[in-house]
Amino acid sequence: MAKIELNGIRKTFDQTAILKGIDLAIEDGEFIALIGPSGCGKSTLLRIIAGLEPQSSGEVRIDGVQVDGIRPSARNLAMVFQSYALYPHLTVFDNIAVPLRMRRHSALARMPLVGRLLPGRARTEHGIREDVERVAAQLELSALLKRKPGQLSGGQRQRVAVGRAIVRQPVGFLFDEPLSNLDAKLRVHMRAELAQLHRQLKATFVYVTHDQAEAMTMSSRIAVMIEGNIVQIGTPAEVYENPRDIRVAEFVGSPKINAMPGVIREDRGLEVLGRQLRLNTTAAAGRCTVCVRPERMELGHGPGAIAGIVTHLEHLGAEAFIHVKVDRIDLPLLARVSPDQQLPEIGSAIHLGFSANAVRIFDAAGKRIDVTAPARSERVREKALG
Amino acid sequence: MVAPAFTLMCLLLLGPLLGVIALSFTDYQLGSPQFSWIGLANYQDMFGDRVFWLSLRNTLTYVAIVVPAAVALGLAVALLIESGGSFRAWYRTIYFLPVMATLIAMSIVWEFMLHPQFGLINGLLHGIGFEGFSWLQDRRTALYALCVIGVWQALGFNMVLFLAGLVSIPRQLYDAAEIDGAHGAWARFRLVTWPMLGPTTVFVVVITGIRSFQVFDTVHVLTKGGPSKSSEVLIHTMYVEGFEFFRSGYGAALTVVFLVFVLLLTLVKSALANRGVHYV
Amino acid sequence: MTPRPRAIVWSVARHSLLLAGAAFILLPFVWMISTASKPQTEIFTKSIHFIPHSFALWDNFATAFGKANLWRFLLNGVVVTVSIFVLQVLIALPAAYALAKLRFAGREVLFALVLFCILIPPQATAIPVFLLFHQFGILDSYAALIVPFTISAFGIFLMRQFFKTVPDDLIEAARMDGISEFGIVWRVMLPTAIPALTAFGIFSVVAHWNDYFWPLIVLNSEHLRTPPLGVASFRNEEAGTNYGPLMAAAIVIIAPLVVAFLLAQRRFIEGITLTGIK
């Protein structure tokens, strides 16, 4: 099993920096998700780990061994592609057998006609058959071994691609948005299957996706990449609860976190939309952004609450979202509420507040600022506003 | 809307096609006042004629040389061009030039290049100590010289078709092959390129085959089927019989033979095209 | 990935092979230009040299234009290819539109016929069409050169496939605006089809500019000769051994298409490989 280390990986295409110095240590047996908006460089990083693309500088180590210049197949990593990249002319059996045949047969034995005459070829081929059938049984593909990829559903193709990856028992798996071609229902199902597979194999998984739900549900750690940098690494809960950068806060979580303009005063007090928060900070005075997740927004009429007008309601059955237009912010604020409470009418005036521990504050550069509740406030749940 | 097209199609394509088959059962000669149905007599004549068999054999030889050579070279050039980044457009343009250049004009150039005394080819051969040939006037070489011109002309067209086929192969398949351990050009070619080019290859083979069966321009200008019928080919025989001797009925019978071969090739193509289901 | 020396070796091998092939391909063109630039005395020598000692290209052109009516051949080529293309479009476009977008009895049969007609090689119909034209007395005329090619089954097929991709909404909007069906073909469909039509036009013009078989059959008169026929007869009648002017004439005949190709390579390659759809 493998520990994968990246040190100072940089990649430039035609003067454009795609990766700007990536340091990342992936532990043995870990399921790490690389997420980020499209164009952030996550797929390029994965291809560099695989060896499909050379980095401009920096090094990749697998189990402590530097692998730069070593062929992809010799790195003993398997990869599952977005389009699955199955060989359309080969049956499911042959698709899964390809990596074994490439490894176990000599070049001569792979030749058409001549190869069949070679001694020992039959024995090797027998071993390959056993391995392929074992993997097929594991993935419930046994009945499909004679089919061609064109005759399979999307989910089955996905499983064949996984089968081709696991059959040679690599030390690590690389996934490049493997679920993005599936419909929503199947995606949820395959998420569970992949997580199950990871528990079974106990191998290192590196999983690239732009879908945060996939990252949140499967991985043990998430690395959020933005514009060629890893901005934050942590468990899904950490990244969601404690974003260290406003871009992380805005990228993770759906619907998006509410962001409101605020000010850090000289006396260390904080204001949002002109109202004072019951919070202090040690950060330097200046502009800041005050963020609160929609589910932490509370409806109520406290003295300091933010007044707004309900512009839109989304009732999703298990939850409901209230869009509230507030002065001085272009986007409406979102509050996620339980649908069994009385929902306000569209067009009605409403007040919003939130607790002290719901607030995440970022300075003008987008970096997280630590805040403390004033000493007199003992209760964590005390409202910061409203 | 479809009336003009339909009328012309019947008048100029379908009608004449049926006409040529009907005509092959008559003894019609251009200008003669009457004609009669003679059943299979034209075909009997044809099968008894040494020239027909020579012509058929030469045509098949021509096809058997030009098709594999023009397809293999077209593929090789396409692979070589695609395998590197530099000068792609230049090479593509150069190799495509013969497709654009009027074949008749270029045949005349070839004729001069193959000139026994003052030709470039024999000049080059002399330069390295070989005896030259009277290429087009020698019954041993005339057909093969025409084959070389045929390959020269068809290669670029095939190359462009193969290039289009190569571009449409998904890049991720090559990545997957690399990860699976297919090292080296040959392993990649066997695992990905060749199977994925299958439909293109079938098409290229068939279209080159049909075009080679139609060979006429070079023969008519350079050898007139000679010397002593050594480069006589089907369409040229048909032309001579139909338009020089005006034996329309006999010419029609030759046309029917030609049609049978073209039809066979088309059938081969559709039979192969339906095999091998690929997904995108 | 690959060690650098190997990459360099491969690059050298690639270019040497491609250059060797390119030399084979270009040899006739180079030799044509070289010979056309030489005076008679230099052509009939056994020594090979590509660069002429004395430059006689203009003399050879002058001789070629003087002995053969090359301008006339070129003009005939333009008249014939342009007429063929225009008529093909006039006839094929309404049919393609009807086959793609209108419902009428026998549409499927008609389309099957079109597909079948694509497979008919032009040599197959030559004898009956020749007899037909003989009957009407139109052999040896522009009409004889043009009429057989006015119907292009391939053109109908190609445009039909293209029209299939035009959204029905566009046609229905035109009908709502009160445009007649023929109006739709020329004012709505034609403008959307320009790329496909350009490709087909190149395919058609190249095929008929270079065609030798049919003009050879139907023509007698010198003044009607198309470029290939013109250069072939110039060789037979005037310049059996006069290679300088003959090569100059060959240059003149291939120049229009080759120059156009060099100016718009991508379009030409697209157009010519269109037959790839068949």
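Biologist: Where in chain B does B:Tyr91 lie?
Modeller: This is a predicted model, and we can follow the helices of chain B along its sequence. The stretch from residue 88 to residue 100 takes in B:Tyr91, and that stretch is helix 4 of chain B.

Biologist: How many Å apart in space are B:Tyr91 and B:Leu120, C-alpha to C-alpha?
Modeller: Along the sequence, 29 residues separate B:Tyr91 from B:Leu120. In space, going from C-alpha to C-alpha, the separation is 24 Å.

Biologist: Stepping back, how many helices and how many strands are in chain B?
Modeller: Reading along the sequence of chain B gives the pattern α-α-α-α-α-α-α-α-α-α-α-α-α. The C-alpha trace of this chain spans about 75 × 60 × 35 Å along its principal axes. The count for chain B is 13 helices and 0 strands.

Biologist: What percentage of the residues in chain B is buried?
Modeller: Chain B has 280 residues. Of these, the buried ones make up 46%.

Biologist: How do helix 1 and helix 13 of chain B pack: roughly parallel or roughly perpendicular?
Modeller: Helix 1 covers residues 3–23 and helix 13 covers residues 248–273, and their axes are 7 Å apart. The angle between them is about 115 degrees. The class for 65 to 115 degrees applies, which means helix 1 is placed against helix 13 as roughly perpendicular.

Biologist: Which residues of helix 13 of chain B meet helix 1 of chain B?
Modeller: Helix 1 passes helix 13 in a left-handed crossing. On the helix 1 side, the residues are B:Val20, B:Ile21 and B:Leu23. By class, this contact has 5 nonpolar, 3 polar and no charged residues. On the helix 13 side, the residues are B:Ser248, B:Gly249, B:Ala252, B:Thr255 and B:Val256.

Biologist: Which helix of chain B gives the most to the side that touches chain C?
Modeller: In this interface, 68 residues of chain B are in contact with 70 residues of chain C. The chain B side divides into 54 nonpolar, 13 polar and 1 charged. The top contribution is 13 residues, and it comes from helix 1.

Biologist: And which helix gives the largest share of the side of chain B that touches chain A?
Modeller: This contact takes 17 residues from chain B and 20 residues from chain A. Two elements of chain B give two or more residues to it, helix 8 (171–180) and helix 9 (184–196). The chain B side divides into 9 nonpolar, 5 polar and 3 charged. The largest share, 7 residues, comes from helix 8.

Biologist: Is B:Ser228 buried or exposed?
Modeller: B:Ser228 is found in the loop between helix 11 and helix 12 of chain B, and its phi is near 40 degrees, a positive value in a residue other than glycine. The cut-off for an exposed residue is 12 or fewer C-beta neighbours. Because B:Ser228 has 10 inside 10 Å, it counts as exposed.

Conventions: Residues numbered from 1 in each chain as written. Chains lettered and ligands numbered in written order. Predicted model: local features only at pLDDT ≥ 70, side-chain atom pairs only at ≥ 80, totals over all residues. Helix = DSSP H or I, 4+ residues; strand = E, 2+ residues; numbered from the N terminus. Buried ≥ 20, exposed ≤ 12 C-beta atoms within 10 Å, placed from the backbone. Contact = placed C-beta atoms within 7 Å. Nonpolar A, V, L, I, M, F, W, Y, C, P; charged D, E, K, R; others polar. Axes fitted to C-alpha atoms, helices over the stretch in contact; angles between N-to-C directions. Parallel < 35°, antiparallel > 145°, perpendicular 65-115°, else oblique. Left-handed = near helix turned anticlockwise from the far one by under 90°.
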